[in-house]
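Subject: Structure handover

Hello,

Here is the structure we talked about. Please open it and keep it beside this email as you read.

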Amino acid sequence: MRETFAATVNRVLDQDPRTALVLAVISNGMFRRSARKHPGRVIDLGIREQAMIGVAGGLALTGMRPIVHSYAPFLVERPFEQIKLDLGHQDVGAILVSIGASYDAAEAGRTHQSPGDVALLDTLPGWTVHVPGHPDEVRDMLEQAIPGDDRVYVRLSGTTNRAPLPVGPRLNVLRTGSPRSAGVVLAVGPMLDRTLEATADLDVTVAHTATVRPFDREGLSTLAAAAGNADVLLVEPYLRGTSAHEVSEALADRRHRQRSLGVARDTELRAYGTSAEHARAHGLDTEGIAKAARDFFLV
């Protein structure tokens, strides 16, 4: 996904003089050619993440379309006040593109992990949040976002699905359960392939979204209405329960149960480990999702 992001942005910098790339060292080697060709529009501020967002806000005020990039904790958590003020309060747009996800860089320690990034941005109005599950989706999301002037977050990951899905605001349905099915499983971004495998022996509808804000409440409501039960298992690759309130709003007109899977809120993993080991510890590998699905639906 990172390589697709760089290739897309390098191409767009050549094509659209309104675009600008703002960096804080991370990935700067992937944009050296563009920096030579467009020195005024590829800006590396060094390790100054708060200034990175402030500069993006200033560029947006002049009519530019800033694309801002770093690891998720350096892009969202560290400069959150600047995101709130320099972008949100000034009501200007930018495209924030992160790498690292929740624990892709587990070997770098907690400094490079950000399971709470989407939940944090969810406290601010007016954000579109994309969680791609395939590199091709990254290209499509960027090409759709760059002509606009809104606030967009694209969360890249080292985990990918085998095939891309259409990018848009609506849920994609991958498997339809029977009229007496146990409910709906909603997989977010790169969690789809392992969720399909984990629920292969269950009579459930499996849907997918790579755009979590705005959330397709209408689509989920329709799927739940067609299922035998309005019960929803939500599988997200970041902080557990981040979209639980969206599910509640979507199904507010009927009795339902829901369970959220994601990075645990009550556990701090202090060993470095690997991304796969972190996924296993949080129950986000195929086996963990399968167990949670059986426990939830087969009651």
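Predicted model: local features only at pLDDT ≥ 70, side-chain atom pairs only at ≥ 80, totals over all residues.

Residues are numbered from 1 along each chain as its sequence is written, and side-chain values use heavy atoms, with hydrogens and water left out.

**The open sheet**

Helices (H or I, at least four residues) and strands (E, at least two) are DSSP runs, numbered from the N terminus. Two strands pair if DSSP finds at least two bridges between them. Here 5 strands form an open sheet with mixed pairing, in the order 7-9-8-11-12. Strand 7 (172-175) and strand 12 (258-263) are the edges; each has a single partner strand, so one side of each has no neighbour in the sheet. On average, neighbouring strands of this sheet are turned by 25° against each other, direction ignored. Axes are lines fitted to C-alpha atoms (for helices, over the stretch in contact), and angles run from 0 to 180 degrees between N-to-C directions.

Look at strand 8 (residues 184-188) and strand 11 (residues 232-239). They pair in the parallel sense over 4 bridges. Val185 has Leu233 in strand 11 as its bridge partner. Helix 9 (residues 217-226) packs on the sheet and touches strand 7, strand 8, strand 9 (205-209) and strand 11. Contact means heavy atoms within 4.5 Å. The direction of helix 9 makes about 150° with that of strand 8. Helix 12 (residues 286-297) lies across strand 8, strand 11 and strand 12, at about 165° to strand 12.

**Around strand 5**

Is strand 5 (residues 127-130) buried or exposed? Trp127 and Val129 on one side, and Thr128 and His130 on the other, are all buried. Buried means under 20% relative accessible area (1.4 Å probe, protein chains only). Strand 5 runs parallel to strand 6 (residues 151-155), joined by 4 bridges. His130 stands opposite Val154 in strand 6. Strand 5 also runs antiparallel to strand 10 (residues 211-213), with 2 bridges. There, Val129 stands opposite Arg213.

**The cores**

A nonpolar core is a set of buried Ala, Val, Leu, Ile, Met, Phe, Trp, Tyr and Cys residues joined through side-chain atoms within 4.5 Å. The largest has 43 residues; Val68 and Trp127 are among those with the most contacts inside it. Helix 3 (residues 49-61) gives the largest share of this core, 5 residues. Another core, of 28 residues, lies apart from it and includes Val154.

Best wishes

Key:
Buried < 20%, exposed > 50% of the residue type's maximum accessible area, 1.4 Å probe, protein only.
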